[in-house]
Amino acid sequence: GLMTNEAFDPTHPTQGWVDRGLVLRSHAGDNFNAIDPFRIDSGDTAWLAFGSFWDGIRLVEIDPLSGLLKDGAEPIRIASRGGGAIEAPAILAHDGHFYLFVSFDACCRGISSTYRIMVGRADAVTGPYLDRDGRALLEGGGTEVLAGTGRFRGPGGQETFLVDGAPWLAFHYYDKAQGGTPKLQLAPLGWTDDGWPELGPLPQ
């Protein structure tokens, strides 16, 4: 669903929201799940990435002004593991490329979570997205950005955002040092010489 706020006031965060209605839904029997929406604008078009755990990530065009589905828009499949766990898309435009971040494997099991953050790159927002080795994300590919390490267990559910034009990554994890307490981490993204995102050392 979609809600908008024309004059958001952080001192009164619950006020001013207007329900704009349904954007996209899945039904019993569908082969996708309408979860984890992420909007990206590219030129004069806007897109909603979503999905989908067992059937992969999809992308559908939305009206850039209303935020609702564009008339006649059909979802495009942009990543899949052939039934394996993949979800939580976030797309970042950088230096002429588009980077699709996703989460592989299992969340929500405390320090036993196997969630990890993966990425693929494309020349167009609609794909095809390939990993660093040239494998298509539609065929199970993905380059690892972060897996469980140290006290950071099950990192994933990521979003990208900009701070003064520089890209950052937000993700959640379970803190092994505190018995699996769920936490949110914000981290700046760097870039390798061949144009792949990387995270610097995480706090100890």
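**Reading a disulfide and a sheet**

Modeller: The structure holds one disulfide, meaning a pair of cysteine sulfur atoms within 2.5 Å. This is a predicted model, in which local features need pLDDT of at least 70, side-chain atom pairs count only at pLDDT 80 or more, and totals for chains, interfaces and linings use all residues. Residues are numbered from 1 along each chain as its sequence is written, and side-chain values use heavy atoms, leaving out hydrogens and water.

Colleague: Which residues does the disulfide join?

Modeller: In general, a disulfide is a covalent bond between the sulfur atoms of two cysteines. Here Cys107 is joined to Cys108, with an S to S distance of 2.5 Å. The torsion about their S-S bond is about 75°, so the disulfide is right-handed.

Colleague: Is Cys107 buried or exposed? And Cys108?

Modeller: Buried means under 20% relative accessible area, exposed over 50%, and partly exposed in between (1.4 Å probe, protein chains only). Cys107 is buried at 16%, whereas Cys108 is exposed at 59%.

Colleague: Now the sheet: what is the order of its strands?

Modeller: Strands are DSSP runs of E, at least two residues, numbered from the N terminus; two of them pair if DSSP finds at least two bridges between them. In this open sheet of four strands the order is 11-12-13-14, with antiparallel pairing. Strand 11 (152–163) and strand 14 (197–199) each have a single partner strand and stand at the edges, so one side of each is left without a neighbour in the sheet.

Colleague: How many bridges join strand 11 to strand 12?

Modeller: Eight, and the two strands run antiparallel, with strand 12 covering residues 166–175. Glu159 stands opposite Ala170 in strand 12.
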